[in-house]
Amino acid sequence: MNTRPPLENASSTVALSVQFNDDRKMFSVGLNSGFCIFDTETCSLLKTRDFNAGIGIAQMLASSNILGLVGGGKQPRFVTNKLIIWDESKSQTALEISALLPVLGVQLTKSLIVIALQNSVRIYKFTKTPTLLSAFETASNPWGICAVSSRQHVAFLGRTKGHVQLLEEKTGNVKIIPAHSSAVRTIQFSPDGDLLATASEMGTLIRVFATSNCARLVELRRGIDPATIFSLAFSPSGTQLACTSDKSTLHIFDVPRPNSSSDNQPTEASVSPTSPGFPPHSGVVSASSSSSGNTTTSGNGSANDGRGKWGFLSKIPLLPRMFSDVYSFASTPFEAGEDQSAGTGGGIISGNGTPGTGRPPKGMVAWLKEDTLVVVGGGLDARWERFVVVREAMDGAGTASGQQQGGYGPQEGQQQQQDGVGSGATRRVCVRSGWKKYLGSP
């Protein structure tokens, strides 16, 4: 097997970073030659800017022409310790913010500029002359982890490994969430800002907290083996959570919420395996292809909360907690490409803290609708994939129509056949409905 990485041609276009805007309708890509912006739903190119030099971070401000840029790659366009607020409508720099160390993460709102450095987070008021509002020490943060919510909460790493700090902009109050025992690798708010999901460098558990009181609402198990979590994303209603990892698997979980329906999935949807965009060997990830390990599903009603994976074993006391944990109700492979990453986050950062000089981002996930989501990867083999969640009928044995026993092993946290499901019941599956190499032809 040839495990050598593909050689990078001097003229090759490489995606150094991938970031979605706040409503996930667009995503920006930092390139070794500039940046470009795509429509998330169709992956059509909206804007492009050629600097003939690298952009390690390109973060959009909502759907405006304002972007936060940080130089990156082998030939950075800007020094890496400076954030450039770029006005694309005027094709010029609007303002600059300098730091003592390389800028590793950026979040923009209409009122705030959040900059993540190696061991600190700096928060500025977004004005023509940005004012430093506060600065916080953090644990080592080589991935530039930080997030902002629609309720003007700012989340970033705590000073202690595994902790997360939650800042409320209006009051300036900071709450500490002891999220994990190992270092935090990924955080994400729900669209309404009520929930915060976290994953550690172990990658086995995802925890969801309420931002109102920092109470832990649910613990979700991705799998048993350690993995690097690439990305987390809540559905528009906040009742589902998607997760990608270096196992090249997309997981989808149900997230319990007060006063929300437990069954919010569409009842009618279909995807044709012969629809345009499928590579010759990709296969539709559905119940009929489970013998090749490409699908996992859940039952309907009480069976679709991810607790039915182990059947009666989950009810036996004193067994290891993995038997009673909540698993994903559906999962499917995504394409990590030839230049697979061992990293996470929207940008690629090397050991020396320079954006765009490490391994490329993969598995950046975002929801379009309650039943539709996309996964975007960077690097030389930069791909966009669209997935949909559909329902399939099950037979009396609790198996999806045409499905055979098989699929992923327990180490991937996959949910297998449910017992006791009667005829006429349905289960949700995740299928790929299209894909594209957005930096070139597929």
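**Cysteines, strands and a core**

Student: How many disulfides does the structure hold?
Tutor: In general, a disulfide is a covalent bond between the sulfur atoms of two cysteines. In this predicted model, the structure holds 0 disulfides.

Student: And Cys214 and Cys430, are they buried or exposed?
Tutor: Cys214 is buried, with a relative accessible area of 16%. Cys430 is buried too, at 0% relative accessibility. Both count as buried because the cut-off is under 20% relative accessible area.

Student: What about secondary structure: how many helices and strands are there?
Tutor: The protein chain has 29 strands and 0 helices. As for contacts between residues at least 6 apart in sequence, 51% of them join residues at least 24 apart.

Student: Which residues have the most contacts inside the largest nonpolar core?
Tutor: The general idea first: in soluble globular proteins, nonpolar side chains tend to be buried together. Here the largest nonpolar core has 17 residues, and Leu83, Ile85, Ile113, Ile115 and Phe126 have the most contacts inside it. Strands E6 (66-71), E7 (82-87), E8 (92-98), E9 (105-108) and E10 (112-116) each give two or more residues to this core.

Student: Take Ile113: what is it in contact with, leaving aside neighbours within four places in sequence?
Tutor: Its partners include Leu83, Ile85, Ile97, Tyr124 and Phe126. Gln107, Arg122 and Pro130 are also among the residues in contact with Ile113.

Notes
Residues are numbered from 1 along each chain as its sequence is written. This is a predicted model: local features need pLDDT of at least 70, side-chain atom pairs count only at pLDDT 80 or more; totals for chains, interfaces and linings use all residues. Side-chain values use heavy atoms; hydrogens and water are left out. Helices (H or I, at least four residues) and strands (E, at least two) are DSSP runs, numbered from the N terminus. Contact means heavy atoms within 4.5 Å. A disulfide is a pair of cysteine sulfur atoms within 2.5 Å. Buried means under 20% relative accessible area, exposed over 50%, partly exposed in between (1.4 Å probe, protein chains only). A nonpolar core is a set of buried Ala, Val, Leu, Ile, Met, Phe, Trp, Tyr and Cys residues joined through side-chain atoms within 4.5 Å.
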